[in-house]
Amino acid sequence: MKRVIALVLALVLVFSLAACSAGTGSSSANGEKVIRIGVFEPASGDSGAGGKKETLGMQYANSQVPTVEIGGETYKVELVYADNGSDQAKAPAAAAELVGKNVAIVLGSYGSGVSIAASETFKNAGLAALGVTCTNPNVTAGNDHYFRICFLDPFQGTVLANFSMDKFGAKKAYCLGELGNEYDQGLIAFFKDAFEKAGGTVIADSFPTNNSDFSSYINKAKSEGCDVLFCPVSIAYATQIVSQAAKLEANFPIVGSDTLDDNMVLAAAKGTDIKLYVSTFYSEGGNADFDKNIKAYINENADAKTANGGNDTISAVTAMGYDAYFVALEAIKAAGSADPAAIKAALPSVVYKGVSGDIAFDEIGDAKRDTAFIKVANNETALWEFETQQTAAK
Amino acid sequence: MEFLTSQILSGISLGGQYALIAIGYTMVYGILRLINFAHGDVFMVAGLLMVYMSTVMPIYVSIPLMIVLTVLLGFVIERAAYKPLRSAPRMSVMISAIGVSYLLQNLALYATGGQPKTYASIPWISNTIHIFGAPTRVVTVVTPILVIILVVLLTLLINHTKIGIAMRAVSKDFETSQLMGVKINSVISATFVIGTFLAAVGSLLYFTNYPTVVPMSGALPGLKAFVAAVFGGIGSIPGAVIGAFIIGICETLIKGTDFAVFSDAFTFALLIIILVVKPTGIFGEKTTDKV
């Protein structure tokens with residue numbers, strides 16, 4: 001009898017999980033023409049929060065313009081999702097899932113490591129992939145199918161190094177990144193290059209994955225007398241670093257990359273004395289219409305609000321996801337066909353004016369961008385404030 | 001000087017938090033000869049429960065409620081996933097434990113949607129104080145004191161109460177004590193209740209110090225607490241506590257040097273060395289072969 005009860009309990013646990021995962025999936029079987037856009041983003045793992053915000057931008061764009069004209073016919077645009085789990089080992093399987101669902105073009109991913117890991121799968125399927133906020137040079141280098149609409153890490157690292165020197169007169173910087181994460185390590189290398197070239201010194205450290213004790217690193221930065229802490233890390237780590245730096249009364253400013261541009265990080269900085277600066281793709285207030293409409297969309301839609309971290313602050317990645325969707329539509333229109341190969345051929349010549357600025361591609365497949373927005377956290381209101389526009393050139 | 005003080009302080013508090021998890025591993029192993037892989041995830045669930053409850057109710061209600069719910073979870077896991085396998089080979093129970101671990105992680109992933117959750121700041125223990133000029137949180141000082149009090153209470157419980165005597169009997173010989181009339185199921189349940197209670201207290205202290213909860217939050221502390229339990233001699237409570245403090249302090253000290261990258265490698269290298277050199281750990285019981 002007890003055995004039966006135990007079995008029932010175990011089954012209840014299992015089915016509650018199964019019930020949670022069911023209920024997705026959509027179909028439009030009423031004969032209308034459909035073109036599918038693959039959304040290759042993390043919905044779980046370290047970068048799950050960022051991936052969801054980027055996806056949110058695409059979903060909003062899709063709700064605004066749900067159709068596209070191809071050769072005089074109206075196609076319904078359907079977003080198809082695959083969760084790469086922020087994990088380079090899972091990325092190829094998620095990519096294959098999209099290929100299996102016959103998508104015409106792929107958007108994503110948030111995070112360069114997973115994009116690089118999935119690149120081969122998209123290449124073999126003859127698909128074009130459009131990176132939204134993956135900033136590592138290796139995403140587009142040496143291939144003709146991966147493109148991106150954001151700036152690159154060499155640019156971003158240089159911008160942040162210049163900013164640290166201009167704004168704080170920093171001479172010594174402490175860099176902290178996740179061990180084995182290409183995004184973190186890449187940015188630190190570029191930051192270090194630029195910072196040392198300009199006469200500064202850099203101490204760089206790496207922490208292991210899933211680490212949550214950062215007090216030792218912050219203590220080290222303090223005792224070494226560093227003027228600035230540069231940590232281009234994932235959101236979950238950034239919140240830890242900010243709150244632990246506040247606890248240890250760190251008096252140096254924290255400078256972060258585009259990943260730190262997130263509500264969670266702002267919440268961690270709220271009420272502390274930490275000076276937090278980030279570089280990013282879009283600053284709220286850059287396009288008033290877009291801001292107003294997407295805020296309305298987020299506030300009306302409970303799922304969107306949850307994906308955005310429970311409030312209506314607009315992340316730069318959301319604006320980028322929005323732009324990426326329209327760049328993809330432009331490519332589809334230019335191709336005049338739903339054929340992935342034609343879209344891939346049409347993409348490099350697409351020129352589009354998005355909310356985050358003008359988008360055009362160079363011969364490598366990268367967007368030509370020359371400025372980054374720097375934002376500073378307001379520790380009382382927990383909102384970002386526009387600091388400056390910084391270029392790479394000194 | 002401030003640097004060293006600060007490092008040692010965070011090492012001691014980290015060690016204390018590992019100790020509270022390690023006791024749960026060591027007690028369950030002592031009695032069931034089971035490495036309860038789900039223990040670290042129970043610790044994470046305790047953190048998440050607190051995150052969700054502290055938004056809807058005052059802190060003095062949510063803390064006791066969180067501890068009660070976590071203990072209940074530990075109890076239910078034992079009844080649903082381990083008890084039916086009591087007469088099965090030990091390996092089956094271990095696999096069941098791994099299954100529970102993954103189930104908890106994925107349920108947490110579903111509940112949080114992959115977003116990191118910020119832990120509530122608990123009044124008083126999250127305040128900043130200065131010790132020898134080094135700023136730290138009150139929790140850093142509270143942790144080792146609380147650990148010592150809890151361990152003393154636990155030792156008293158094991159040495160001087162009826163359930164404690166039953167626990168020692170069961171850990172010496174499972175079958176004989178059953179024949180002697182010890183109610184084996186209630187003893188095992190009590191062990192899980194105590195273990196999860198300590199994990200819940202540990203999570204309260206740990207997440208006050210490191211206030212971000214993600215579904216994988218329990219994995220690394222759980223693994224390190226397990227190493228601490230092996231290091232101290234699995235099955236021995238004082239061993240687990242001392243092992244946890246050694247690991248916590250070494251880890252933070254290494255992170256402060258140029259070898260910061262190897263801080264985790266050190267912990268696991270220690271595990272291998274201990275297993276090779278002294279498999280029973282510092283305080284481990286000697287195995288005597290009976291004919």
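Helices here are DSSP runs of H or I, at least four residues long, numbered from the N terminus. With that settled, a few points on this structure, which is a predicted model.

I'll start with helix 8 of chain A, residues 235-247. Its 13 residues, at 1.5 Å a residue, should span 18 Å, and the end C-alpha atoms are 18 Å apart, so expectation and model agree. As for burial, 13 of the 13 residues are buried, which means helix 8 is largely enclosed by the rest of the structure. Just after helix 8 of chain A comes E249(A), with a positive phi of about 55°.

Next, K295(A), which sits in helix 10 of chain A, residues 288-300. Is K295(A) buried, partly exposed or exposed? Buried would take 20 or more neighbours, and exposed 12 or fewer. K295(A) has 16 C-beta neighbours inside 10 Å, so it counts as partly exposed. From K295(A) to V242(A) is 53 residues in sequence, and 27 Å in space, C-alpha to C-alpha.

Now the domains. Chain A is divided into domain 1, 34-151 + 288-361, and domain 2, 153-280 + 373-391. Their C-alpha centres lie 27 Å apart. Where they touch, 18 residues of domain 1 of chain A are in contact with 19 residues of domain 2 of chain A. On the domain 1 side, helix 2 (48-64) and helix 4 (112-124) of chain A each supply at least two residues. Helix 4 of chain A gives the most to that side, with three residues. By class, the domain 1 side has five nonpolar, twelve polar and one charged residues.

Technical notes:
Residues numbered from 1 in each chain as written. Chains lettered and ligands numbered in written order. Predicted model: local features only at pLDDT ≥ 70, side-chain atom pairs only at ≥ 80, totals over all residues. Expected span 1.5 Å × (residues − 1). Domains from an automatic or database assignment. Contact = placed C-beta atoms within 7 Å. Nonpolar A, V, L, I, M, F, W, Y, C, P; charged D, E, K, R; others polar.
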